[in-house]
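Dear colleague,

Please find below the structure I am handing over to you.

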Amino acid sequence: MNKPLSATLILGCVALLAFAFILPSNTPQTAAVGTTATPTVSFTQEEVQGREGSAIKLTVKLDAPVTKTTKVTVKLTGDQGTTSRDVPALSSTRSVTFYKNSPITTKSVTIRTTKTTTQANKGFTATITKVGNTTVQGDTARIVVKDQRSATTVATGTTNNGTGN
């Protein structure tokens, strides 16, 4: 004859199952193709350079097409001495939108710079801060604005190998 399970045993099993779903995992979560999870987003370059007075393009990429329209927000943060006179959009955000079921997985953010009388290179960082409605600590890219009188060559960008390094 079978004995009924005790209430303590049943409650213990229920509590164990509940904690398994509530406790955070140390495994990073990425989107699988065909789901509505947050996609993995990164920059295609680790560093981009441009001359002052030019428009600098920074490319954002997805690991796979999205299954719902997704806005990616990029925050610009200046180095010490770099001001909104150098980069009008400094201390603001830019965004790109990837559309549902579109095969397009890269989009560019354009950052305009201005010519200044200061004879020095300027720098700032672009950081992916939001993917859809999810705030993330995303990939970063370095942007260097070369002074017009600088004799150094302007590189178009260093490719990001996808590891964030």
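This is a predicted model: local features need pLDDT of at least 70, side-chain atom pairs count only at pLDDT 80 or more; totals for chains, interfaces and linings use all residues.

Ser-42 belongs to strand E1. Beyond its neighbours within four places in sequence, Ser-42 is in contact with Thr-59, Val-60, Lys-61, Ile-128 and Asp-139.

E1 and strand E3, which covers residues 55-62, are joined by three bridges in the antiparallel sense. Both belong to an open sheet of three strands with the order E1-E3-E6, and the pairing in it is antiparallel. Strand E1 (41-43) and strand E6 (106-112) stand at the edges; each has a single partner strand, so one side of each lacks a neighbour in the sheet. On average, and with direction ignored, neighbouring strands of this sheet are turned by 30° against each other.

Strand E4 (residues 70-78) is the next element to consider, and Val-72 is placed in it. Is Val-72 buried or exposed? At 0% relative accessibility, Val-72 counts as buried. Leaving out neighbours within four places in sequence, the residues in contact with Val-72 are Val-41, Val-60, Arg-94, Ser-95, Val-96, Phe-98, Ile-128 and Lys-130. For Val-72 and Val-96, which are 24 residues apart along the chain, the C-alpha atoms are separated by 5.4 Å.

Thr-73 is also found in strand E4. Its relative accessible area is 11%, and Thr-73 is therefore buried. Residues up to four places away in sequence not being counted, Thr-73 touches Thr-93, Arg-94, Ser-95, Thr-127, Ile-128, Thr-129 and Lys-130.

As for the partners of E4, six bridges join E4 to E5 in an antiparallel arrangement. Within E5, Thr-97 is the bridge partner of Lys-71. E4 is also joined to E7, by seven bridges, and these two strands run antiparallel. Opposite Leu-76 stands Ala-126 in E7.

Ala-126 leads on to strand E9, where Ala-141 stands opposite Ala-126. Strand E7 (residues 122-131) pairs with E9 over six bridges in the antiparallel sense. With strand E2 (residues 45-51) the sense is parallel: five bridges join E2 to E9. Arg-142 in E9 is the bridge partner of Glu-47. How many of the seven residues of strand E9 (residues 140-146) are buried? Five of the seven are, and E9 is mostly covered.

Two further local features concern the stretch from E5 to E6. Asn-101 is located in the loop between strand E5 (93-98) and E6. The phi of Asn-101 is near 60°, which is a positive value in a residue other than glycine. Most residues other than glycine have a negative phi. Asn-101 counts as exposed, at 55% relative accessibility, because the limit for that class is over 50%. The other feature is a charge over a ring: the charged end of Lys-107 sits over the ring of Phe-98, 5.9 Å from its centre. Phe-98 is also among the residues in contact with Val-72. As to pairs of aromatic rings, the structure holds zero of them.

I close with the chain as a whole. The chain has one helix and 10 strands. Along the sequence, these elements follow the pattern α-β-β-β-β-β-β-β-β-β-β. Of the 165 residues in the chain, 30% are buried. Among contacts in the chain with a separation of 6 or more, 68% come from residues 24 or more positions apart.

Yours sincerely

How values were computed. Residues are numbered from 1 along each chain as its sequence is written. Side-chain values use heavy atoms; hydrogens and water are left out. Rings of Phe, Tyr and Trp (its six-membered ring) pair if their centres lie within 6.5 Å; planes under 30 degrees apart count as stacked, over 60 as edge-to-face and the rest as tilted. A charge sits over a ring if NZ of Lys or CZ of Arg is within 6 Å of the ring centre and within 35 degrees of the ring normal. Two strands pair if DSSP finds at least two bridges between them. Helices (H or I, at least four residues) and strands (E, at least two) are DSSP runs, numbered from the N terminus. Axes are lines fitted to C-alpha atoms, for helices over the stretch in contact, and angles run from 0 to 180 degrees between N-to-C directions. Buried means under 20% relative accessible area, exposed over 50%, partly exposed in between (1.4 Å probe, protein chains only). Contact means heavy atoms within 4.5 Å.
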